[in-house]
Amino acid sequence: MNPRERSLRILHVLRAPVGGLFRHVLDLASEQARRGHEVGLIMDSTTGGEQARSQLARLAPALRLGATRIPMRREPHPGDVAAILRVWREIGRLRPDVVHGHGSKGGLYTRATRFLPCPGRPLRVYTPHGGSFHPRRGHDLYLAVERLAARRTDLLLFESDYIAGRYAASVGPTRALQCVAKNGLRPEEFAPAPAGLDGAEFVYVGELSSFKGVDVLIQALAAIHAGGQATPRLVVVGSGCESQKLAALVEQLGLNAHVGFYGVLPARDAFTLGRIVVAPSRAESLPYIVMEAIAADKTVIATDVGGVGEIFGPLRDKLVPRDQPETLARAMLAALGQDEAKAAAERAVLSRHVASHFSVKVMADCILAAYELALARRDGPSLAEAKP
């Protein structure tokens, strides 16, 4: 721990222990614990499966405030009231200095407890991860809740410039202190994950939901096959509510022999199943899978949504528009035919950019510094004067 940094009791609240949001919380909690802070988690008990259990088991020795799992629904539900009361009781029991909510549900539960009496006046912190700000059914309701909860927020932490802009446009000015702390990778993640000799040409890794645009990728693959120039294969790694619909689309388009569904795998294992990673999302904040694929020395084709342009930096013009199967198909064909020396040079540019701008250390430094600023702001000049 930095000698100027005091030890804090930090409680992270999130819903589903899956995907990029969970990865963000695990990285942050682990780094905070390594620096001497007392850290705990509250999350959903009905999702995540064996992969979440194993990840939590590895982190458990570092969680001095423990890991509490309670039922949490993805959509608005009467059960939210019971979940908020349970979070409130955990706050009373653990007496944290900071309660940090992640995602729309974690943010709601964290800030709703401020309407109830809590000992110790914990700081209420919120990191949006895109959910409330992606257009979907009930979008206006989600934004109304965000505006109401903003009044009970001490600190807003954004994982991308994109989400910071979306929050400002959708919610408007708030009294909360604000800071952008971008998602980051660990140094050891920058290592090649080449595809095996029998690997597919393309691989998708992530949630199978409408936001992720896997249907557009399958349509693009069909367009390539129909054009007769190539008959590439696609591996789809992940799970989600669209899995049956996507399997039906594959069958409808006659691609059963060319598309394989592999369920949930660790990202680096998934990368070895295909040569080119495709991220065809309709909406994103700052997707870890794109950064992880770049760090693994994979050629990446991605759509120009959310904060993906921040990841691609100097090569942002390589991104393709969302929801355009024909355009995506052309990008996929171009990647298949690209000169390897040129492809390697582009991968190296992206890798250097990600290594320079997205690290766990910088993310944690920024977040801990923001906690301190928000605590000093809340407690007034006496605290600031007491510090060396």
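How many cavities of 30 Å³ or more does the count come to? The model, which is predicted, has 1 cavity of 30 Å³ or more. The points below begin with that cavity and a pocket, and then turn to the sheets and the helices.

**The cavity**
- The largest cavity has a volume of about 30 Å³.
- Its lining consists of Ala-279, Ser-281, Glu-284, Pro-287, Ile-289, Val-290, Thr-303 and Val-308.
- Sorted by class, the residues lining the largest cavity are 5 nonpolar, 2 polar and 1 charged.

**The second largest pocket**
- The second largest pocket holds about 360 Å³ of space.
- Its lining is formed by 19 residues, and those nearest its centre are Thr-299, Val-300, Lys-318, Gln-338 and Glu-346.
- Two or more lining residues come from each of β12 (299-302), α12 (325-337) and α13 (340-357).
- The element that gives the most to this lining is α13, with 5 residues.
- The lining of the second largest pocket is divided into 12 nonpolar, 2 polar and 5 charged residues.

- Leu-11 has Val-99 in β4 as its bridge partner.

- Another open sheet has 5 strands in the order β10-β9-β8-β11-β12, with parallel pairing.
- β10 (259-261) and β12 stand at the edges with a single partner strand each, so one side of each is left without a neighbour in the sheet.
- From one strand to the next, the twist averages 25°.
- The parallel strands β9 (residues 234-237) and β10 are joined by 3 bridges.
- Val-236 has Phe-261 in β10 as its bridge partner.
- Helix α7 (residues 214-227) packs on this sheet, where it touches β8 (200-205), β9, β10 and β11 (274-279).
- The direction of α7 makes about 170° with that of β9.

**Helix pairs**
- The axes of helix α1 (residues 19-34) and helix α2 (residues 49-59) come within 11 Å and cross at roughly 10°.
- Angles under 35 degrees count as roughly parallel, and α1 and α2 are therefore roughly parallel to each other.
- In this contact, Phe-22, Leu-26, Ala-29 and Ser-30 of α1 meet Ala-52, Gln-55, Leu-56 and Leu-59 of α2.
- The residues of the contact between α1 and α2 are 6 nonpolar and 2 polar, with no charged residues.
- The axes of α7 and helix α8 (residues 243-252) come within 10 Å and cross at roughly 10°.
- This crossing angle makes α7 roughly parallel to α8.
- Val-214, Asp-215, Ile-218 and Gln-219 of α7 make the contact with Leu-246, Leu-249 and Val-250 of α8.
- The residues of the contact between α7 and α8 divide into 5 nonpolar, 1 polar and 1 charged.

Key: Residues are numbered from 1 along each chain as its sequence is written. This is a predicted model: local features need pLDDT of at least 70, side-chain atom pairs count only at pLDDT 80 or more; totals for chains, interfaces and linings use all residues. Side-chain values use heavy atoms; hydrogens and water are left out. On a 1 Å grid over the protein atoms alone, a cavity is a set of points where a 1.4 Å probe fits but cannot get out, and a pocket is an open set with protein on both sides within 12 Å along at least five of seven lines; lining residues have an atom within 4 Å of a point. Grid points are joined across faces, edges and corners, and a volume is the space filled by probe spheres set on the points. Helices (H or I, at least four residues) and strands (E, at least two) are DSSP runs, numbered from the N terminus. Ala, Val, Leu, Ile, Met, Phe, Trp, Tyr, Cys and Pro count as nonpolar, Asp, Glu, Lys and Arg as charged, and the others, Gly among them, as polar. Two strands pair if DSSP finds at least two bridges between them. Axes are lines fitted to C-alpha atoms, for helices over the stretch in contact, and angles run from 0 to 180 degrees between N-to-C directions. Contact means heavy atoms within 4.5 Å. Angles under 35 degrees count as roughly parallel, over 145 as roughly antiparallel, 65 to 115 as roughly perpendicular and the rest as oblique.
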